[in-house]
Amino acid sequence: MPVAALKEYIGVPRDSVDKFLGQQLVYVSRDHHLLFASAFLTCVPPQMKFREFVEGPLKTLIQPDPDAEKVDWTKVQWLKSNQPWQPQFNLSLKENGIEHKDQIRFQTPGLNTLSAA
């Protein structure tokens, strides 16, 4: 349905990176997993090493999964922008090309306790 505006509409985003005091939003989702219905939202510094991101926020968020301790992070399949992607664990999120409001996805083949696949 078309909308007729009475005047020019100028949208002002209220969640731009400058509003997060040096942090950025990063969405992370675990594909084909029934325990987690949607992506996790993290607020982390872009200088954080990817390894620190996995060892800290990500491991904490997936902890309710009975298979969480079995995840071999070196064998996880990653996707960024819906494309296969291999993060460099010793580089920062920024150096890995992860920007504000990006979403990364991961798959854990063989860990199917709560899997939809």
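This report walks through the core, the strand pairing and the salt bridges of the structure above.

The model is predicted, so to speak of local features a pLDDT of at least 70 is needed, side-chain atom pairs count only at pLDDT 80 or more, and totals for chains, interfaces and linings use all residues. Residues are numbered from 1 along each chain as its sequence is written, and side-chain values use heavy atoms, with hydrogens and water left out.

**The core and its rings**

Let's start inside. Helices (H or I, at least four residues) and strands (E, at least two) are DSSP runs, numbered from the N terminus.

Rings of Phe, Tyr and Trp (its six-membered ring) pair if their centres lie within 6.5 Å; planes under 30 degrees apart count as stacked, over 60 as edge-to-face and the rest as tilted. Phe50 and Phe53 make a tilted pair, because their ring centres are 6.0 Å apart and their planes at 45 degrees. Both Phe50 and Phe53 are buried, where buried means under 20% relative accessible area, exposed over 50% and partly exposed in between (1.4 Å probe, protein chains only).

**Strand E1 and its partners**

Six of the seven residues of E1 are buried, so this strand is largely enclosed by the rest of the structure. Strands pair if DSSP finds at least two bridges between them. E1 and E2 are antiparallel, with five bridges, and Val26 has Thr42 in E2 as its bridge partner. E1 and E5 run parallel, also joined by five bridges, with Arg30 opposite Phe106 in E5.

**Salt bridges**

The whole structure has seven salt bridges, each a side-chain nitrogen of Lys or Arg within 4 Å of a carboxyl oxygen of Asp or Glu.

Asp31 counts as buried because its relative accessibility is 16%. Asp67 is buried at 3% relative accessibility, whereas Lys70 is exposed at 56%.
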